[in-house]
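Take a look at the protein below.

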Amino acid sequence: MLSPITVRPALPEDYDAVARITQDSYVTAGYYGDADHPYLQKLQDVAGRAEHAEILVAERNGEVIGSVTAAPAGGGFSDIGLDDELELRTLVVDPAVQRSGAGRALVQAVVDQAKAMDGINAVSLTTGATWESANALYARTGFDRAPHRDWFVPGTDIKLFVYRLDLPQS
């Protein structure tokens, strides 16, 4: 049996591990051909991300094994978030431990955070149209496709899917 996963806010001393896991997960999955891709370089600037959004890490036995970014709409790291949404971005899990529950725990942490925020009624996210494991995770965790919000990476034919999870109203 695996040790439990803890999700907590990232600390500056976690940033190198988050950058490594980001690179490893995106390159291993084949989303980017190599670590020099300009967008992947941007994602590896964890301190830059942290200036605009909250980065959470998943740890097991004291080791960072994944991360996610929770970006407020209209902030410097939000792509598609509407005013009443918290945007889930850059969900990554170390390829060595994928499918061990870390991704689900990170998604749930963002959902829980959104539920605690005033004026937030949903969590939204963008993922690659061909990213099967990511699309399956979001469907399993209750997100619904929002195809009317799908978009293309500017200047390319790469289609991105948008998902939204409406939060229960109290």
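This is a predicted model: local features need pLDDT of at least 70, side-chain atom pairs count only at pLDDT 80 or more; totals for chains, interfaces and linings use all residues.

Helix α5 spans residues 132-140. Its buried residues are Ala134, Asn135, Leu137 and Tyr138. They lie on the same side of α5, because they cover an arc of only 160 degrees around the axis. An α-helix has 3.6 residues a turn, so residues three or four places apart point the same way. The face turned away from the buried side of α5 carries exposed residues, Glu132 and Arg140.

## The whole chain

How many helices and strands does the protein have? There are five helices and eight strands. Along the sequence, they follow the pattern β-α-α-α-β-β-β-α-β-α-β-β-β. The protein is as compact as a globular protein of its length, because its radius of gyration is 15 Å, close to the 15 Å that the globule rule gives for 170 residues. Its C-alpha atoms fill a box of roughly 40 × 35 × 30 Å, taken along the principal axes.

Of the contacts with a separation of 6 or more, 61% are between residues 24 or more positions apart.

## Inside and surface

Of the 170 residues, 46% count as buried. The protein exposes about 8,700 Å². Carbon and sulfur atoms supply 51% of that area.

The protein has 14 positive and 24 negative charges.

## Positive phi angles

Most residues other than glycine have a negative phi. Which value does phi of Asn61 take? Phi of Asn61 is near 55 degrees, a positive value. Asn61 sits in the loop between β2 (54-60) and β3 (63-72). Is Asn61 buried or exposed? Asn61 is exposed, because its relative accessible area is 63% and the cut-off for exposed is over 50%.

Arg99 also has a positive phi, of about 70 degrees, and is not a glycine. Where is Arg99 found? Arg99 is in the loop between β4 (85-93) and α4 (102-115). Arg99 counts as exposed, at 72% relative accessibility.

A glycine gives one more case. Just after α5, Gly142 has a positive phi of about 95 degrees.

How values were computed
Residues are numbered from 1 along each chain as its sequence is written. Side-chain values use heavy atoms; hydrogens and water are left out. Helices (H or I, at least four residues) and strands (E, at least two) are DSSP runs, numbered from the N terminus. The radius of gyration is taken over C-alpha atoms; the globule rule is 2.2 Å times the number of residues to the power 0.38. Buried means under 20% relative accessible area, exposed over 50%, partly exposed in between (1.4 Å probe, protein chains only). Contact means heavy atoms within 4.5 Å. Accessible areas come from the Shrake-Rupley method with a 1.4 Å probe; for residues, only the protein chains shown count as cover. Lys and Arg count as positive and Asp and Glu as negative; His and the chain ends are not counted. The place of a charge is taken as NZ of Lys, CZ of Arg, CG of Asp or CD of Glu. The arc is that of the directions from the helix axis to the C-beta atoms.
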